[in-house]
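Subject: Structure handover

Hello,

Here is the structure for you to look over. My notes follow below it.

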Amino acid sequence: MHKLRRKDTYEAPPPCQEEEGKSHIAQQHILFVRFACRPITRGRAEGEALVTKEYISFLGGIDKETGVVIEDCEIKGKSIAGKILIFPGGKGSTVGTYVLLNLKKKGVAPKAIINRKTETIIAVGAAIAGIPLVEVRDEFFFANVKTGDYVTVNAEEGYVELVK
């Protein structure tokens, strides 16, 4: 029997293999937090977070053909394609704007970008590529969001949701 409790506990049905006379209940705790954000470009997206604490340059930091991070950071070797890319801000050349547009055209761009402080290169790139971009200034968000978390970006209504 499935029970959904108020708050954050879900009782799952017993697994297929049970010990005789014993019931196995799994509990899954879900943390859901909404953060205010400042929309830079409009749109909505949701999906898996890809998070780095490092500033990123799209020129030389992301492979422009594959969307794989080549910059030396904790997400090096991972693809940004279809992810919610979360990093403090951009750095580097103005050509990064066109790299972001190229990634979108090739289908390997992130679904959305979340920065602490957005620089012009990222803002223009996201605008011309049609990628939702927001700033979140809440340090609790950056302290708690991790790669693999589920994130919703709503740059229409000005919020980001983190589900763990």
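A45 stands opposite V153 in β10. Strands β6 (residues 44-51) and β10 (residues 150-154) pair in the antiparallel sense, over five bridges. Strands here are DSSP E runs of at least two residues, helices are H or I runs of at least four, and both are numbered from the N terminus. Two strands pair if DSSP finds at least two bridges between them.

Please keep in mind that this is a predicted model: local features need pLDDT of at least 70, side-chain atom pairs count only at pLDDT 80 or more, and totals for chains, interfaces and linings use all residues. Residues are numbered from 1 along each chain as its sequence is written, and side-chain values use heavy atoms, with hydrogens and water left out.

Now the whole sheet. It is open, has eight strands and shows mixed pairing. The order is β4-β11-β10-β6-β7-β8-β9-β5. At the edges sit β4 (32-36) and β5 (38-41), each pairing on one side only. On average, neighbouring strands of this sheet are turned by 30 degrees against each other, direction ignored.

Helix α3 (residues 120-129) packs on the sheet. It touches β5, β8 (112-115) and β9 (133-135). Its direction makes about 65 degrees with that of β5. Contact means heavy atoms within 4.5 Å. Axes are lines fitted to C-alpha atoms, for helices over the stretch in contact; angles run from 0 to 180 degrees between N-to-C directions.

Next, β10 and β11. They pair in the antiparallel sense over five bridges. They also form a hairpin, with four residues between them. G158 in the turn has a positive phi of about 80 degrees. T152 lies in β10 and stands opposite E161 in β11. Leaving aside neighbours within four places in sequence, T152 is in contact with A45, E46, Y159, V160 and E161. T152 is buried at 13% relative accessibility. Buried means under 20% relative accessible area, exposed over 50%, and partly exposed in between (1.4 Å probe, protein chains only).

Strand β11 (residues 159-163) has four of its five residues buried, so it is largely enclosed by the rest of the structure. Five bridges also join β11 to β4, and these two run antiparallel. There, F32 stands opposite V163 in β11.

Last, the cysteines. The disulfide count is zero, taking a disulfide as a pair of cysteine sulfur atoms within 2.5 Å. C37 is buried, with a relative accessible area of 13%. C73 is buried too, at 15%.

Best wishes
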